Amino acid sequence: MIGIWATITVLLSGFNFLVIKLVKMKRQQRHLETQLYDFWNQLGQYEKELKRPKETNKAE
C-alpha cells in the first residue's frame with residue numbers, strides 16, 4: 001500500500017514539475033512575442049523616417 005502511495009506521489013510531483021515548466025515556457029514565449037512585435041513596430045518607424053526625407057527631396 002505504501003508503494004502505491006509513493007508511486008502516486010512521484011507521478012503527481014513529476015506532473016507538477018511539467019506544468020510549472022510549461023507555464024514558464026509560455027510566459028517566456030509571450031515575452032519574446034512582445035519583444036518581436038515591438039521590434040517590428042520600431043523597424044516600421046525607422047522605415048517611415050528614412051522614406052520621409054526622400055519624398056521631400058523629390059518634391060523640391
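Predicted model: local features only at pLDDT ≥ 70, side-chain atom pairs only at ≥ 80, totals over all residues.
I started with Met1, which is exposed, with a relative accessible area of 70%. Where does Met1 sit? I found Met1 in the segment before H1.

Together with Ile4, Trp5, Ile8 and Leu12, Met1 makes a nonpolar patch of about 580 Å².

Then I stepped back to the overall fold. I counted 1 helix and 0 strands in the protein chain. The helix, H1, covers residues 2-59.

How much of the protein chain is buried? I got 0% of the 60 residues. Buried would mean under 20% relative accessible area.

On to charges. Which residues form a positive surface patch? My list reads Lys21, Lys24, Lys26, Arg27 and Arg30. I looked up Lys21 in particular: its place is in helix H1. Lys21 came out partly exposed, with a relative accessible area of 44%, so it also passes the 30% cut-off for patches.

Last, the aromatic rings. My search of the whole structure turned up 1 aromatic pair. Phe39 and Trp40 are the partners, with ring centres 5.7 Å apart and planes at 65°, so I wrote the pair down as edge-to-face. Why that label? The angle decides, because planes over 60 degrees apart count as edge-to-face, and here the planes are at 65°.

I also checked how open the two partners are. Phe39 is partly exposed at 45% relative accessible area, while Trp40 is exposed at 52%. The line between those two classes is 50%.

Terms used. Residues numbered from 1 in each chain as written. Heavy atoms only, no water. Patch = residues over 30% accessible without salt bridge, like charges linked within 9 Å, V, L, I, M, F, W, Y side chains within 5 Å. Areas by Shrake-Rupley, 256 points an atom, 1.4 Å probe, with all protein chains shown as cover. Salt bridge = Lys/Arg side-chain N within 4 Å of Asp/Glu carboxyl O. Lys, Arg positive; Asp, Glu negative; His and termini not counted. Charge placed at Lys NZ, Arg CZ, Asp CG, Glu CD. Helix = DSSP H or I, 4+ residues; strand = E, 2+ residues; numbered from the N terminus. Buried < 20%, exposed > 50% of the residue type's maximum accessible area, 1.4 Å probe, protein only. Phe/Tyr/Trp six-rings, centres within 6.5 Å; stacked < 30°, edge-to-face > 60°.
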